[in-house]
Amino acid sequence: MQSDSMTQSADLLIEIDEHGARTRARAAAGWLPLLLAGLAMLGAFPAYAGWWDGPAGGCICTSDGAPWWDRLGVVGLGGGSRPVGLYWLAVVPVVYAASAGWFAMSARRTGLRQRWGLHLLAGLGTAGVAVVLAVARVAWLPWSPGALFTPLLALAVGLVALGLVERDRVVTSSGAAVAVVAVAVSALARHSSHLPDSGLGNVGQALLAPSVEVAGLGLVLVGAAAYVRSANKRTASVTPTAPPAVPA
Amino acid sequence: MTSTLHPVVGLDDVVHQRARLGILAILTEVAEADVAALKAELGLTDGNLGRHLQVLADAGFVTLERTIVGTRAKTRVRATKAGAKAFRNEVKALRALLDRVR
């Protein structure tokens with residue numbers, strides 16, 4: 001009798017674990033934010049390379065003759081007089097808006113809603129801090145931690161939060177890797193003037209775009225692999241057929 | 001003192017039922033789930049699932065929110081803090097029970 005009871009308990013624990021794993025697999029939606037963050041990083045290339053000169057429609061210039069978006073360079077991701085800051089400030093809300101739409105769609109499709117609000121809150125919160133510090137830096141402070149809190153860090157923090165929410169180590173570690181890149185890029189942008197000049201230009205400035213692009217490409221590949229893994233897990237999940245007894 | 005108690009003391013009558021344990025196992029993984037998703041995962045009928053959910057709701061372990069989406073009524077279920085705690089305690093008690101005889 002005791003042996004039967006133990007077997008039942010062991011079976012129950014296995015069943016609980018299986019329900020949990022299947023639910024996590026069905027609710028997992030982290031691959032798209034990974035892909036979007038990677039595409040946002042790849043999309044920064046025209047701004048870094050100078051292929052994009054900023055918004056069209058003529059120069060709305062400040063009193064010193066610089067375009068209005070020039071001061072957005074203070075977001076801390078380099079680019080000098082190029083519209084890199086403008087790109088990052090515009091792309092981060094777009095990424096989070098697309099993610100929010102995706103989560104809503106995913107919840108409707110699966111009937112399962114994850115705690116995605118934490119991902120949006122963490123990412124947009126970091127982006128908000130980045131903007132406030134950038135404004136403070138221009139308006140009042142000659143230096144502030146604005147260079148650490150960058151829009152790229154906002155993408156990284158959001159991914160780490162998403163990975164923790166979905167208990168997905170790939171998403172968490174990808175977010176951590178982007179955070180390292182974000183800190184390195186902001187350090188390069190801040191200290192590039194102390195680095196040697198190669199003859200073709202400043203080494204620090206020259207490293208900014210490749211760092212962002214290589215990391216972006218990596219993220220796109222990881223996102224695509226996460227999609228395949230997630231699709232396979234969903235296909236492999238087997239729903240139990242025997243309905244448990246009605247309660248006494 | 002508690003360490004000398006038999007693990008079976010830790011089992012909760014409301015939670016210690018296969019379908020209800022399954023419902024809580026799903027709900028502790030996500031913020032909320034539709035009744036249709038629970039039904040599909042657990043392989044229960046509407047009536048059976050409804051009865052289990054009512055038992056859990058009466059015990060304060062889940063909340064039920066009925067909404068109208070388009071022309072269809074939808075019920076969203078989420079585990080309360082007490083429900084998540086009861087689930088964790090139940091799993092702990094089951095593991096302790098197994099450890100005792102191994």
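Good morning. I begin with a hairpin in chain B: strands S2(B) and S3(B) form it with two residues between them, and B:Gly70 in the turn has a positive phi of about 70°. Helices and strands here are DSSP runs numbered from the N terminus, with at least four residues (H or I) for a helix and at least two (E) for a strand.

A word on the source. This is a predicted model, in which local features need pLDDT of at least 70, side-chain atom pairs count only at pLDDT 80 or more, and totals for chains, interfaces and linings use all residues. Residues are numbered from 1 along each chain as its sequence is written, while chains are lettered from A and ligands numbered from 1 in the order in which they are written.

Next, confidence. The term pLDDT is the predictor's confidence in each residue, from 0 to 100. Chain B has a mean pLDDT of 88, with 89% of its residues at 70 or more. For chain A the mean is 80, and 71% of the residues reach 70 or more. Within chain A, confidence is lowest in helix H3 (residues 45–49), at a mean of 82, and highest in H2(A), at 95. For the complex, the predictor gives an ipTM of 0.85 and a pTM of 0.80. Where pLDDT is low, the predicted coordinates should not be read in detail.

Two strands pair if DSSP finds at least two bridges between them. Strand S2 (residues 62–69) of chain B is joined to S3(B) by eight bridges, and the two run antiparallel. In this pairing B:Val69 stands opposite B:Arg72, and B:Ile68 stands opposite B:Ala73. S3(B), residues 72–79, is also joined to S1(B) by two bridges, again antiparallel; here B:Asp34 stands opposite B:Arg76.

Which strand of chain A pairs with S1(B)? Strand S1 (residues 112–113) of chain A does, in the antiparallel sense and over two bridges. The bridge partner of A:Arg113 in S1(B) is B:Glu32.

Taken together, four strands form an open sheet in the order S1(A)-S1(B)-S3(B)-S2(B), with antiparallel pairing. S1 of chain A and S2 of chain B stand at the edges, each with a single partner strand, so one side of each is left without a neighbour in the sheet. H1(B) packs on this sheet, touching S1, S2 and S3 of chain B, and its direction makes about 85° with that of S3(B). H2(B) also packs on the sheet, where it touches S1 of chain A together with S1 and S3 of chain B; its direction makes about 80° with that of S1(B).

Now the contact between the chains. Two residues are in contact if their C-beta atoms, placed from the backbone, lie within 7 Å. By that criterion, 30 residues of chain B are in contact with 27 residues of chain A. Elements that each supply at least two residues to chain B's side include helix H3 (46–58) and helix H4 (81–101) of chain B. By class, that side has 17 nonpolar, six polar and seven charged residues. In this scheme Ala, Val, Leu, Ile, Met, Phe, Trp, Tyr, Cys and Pro count as nonpolar, Asp, Glu, Lys and Arg as charged, and the others, Gly among them, as polar.

Finally, the helices of chain A. Axes are lines fitted to C-alpha atoms, for helices over the stretch in contact, and angles run from 0 to 180 degrees between N-to-C directions. Helix H4 (residues 84–110) and helix H6 (residues 151–166) of chain A have axes that come within 9 Å and cross at roughly 20°. H4(A) and H6(A) are therefore roughly parallel to each other; angles under 35 degrees count as roughly parallel, over 145 as roughly antiparallel, 65 to 115 as roughly perpendicular and the rest as oblique. Their contact has nine nonpolar, one polar and no charged residues.

Helix H2 (residues 31–42) of chain A packs with H4(A) at an angle of about 160°, their axes 10 Å apart. That makes H2(A) roughly antiparallel to H4(A). Among the residues making this contact are A:Leu36 of H2(A) and A:Trp102 of H4(A). Thank you for your attention.
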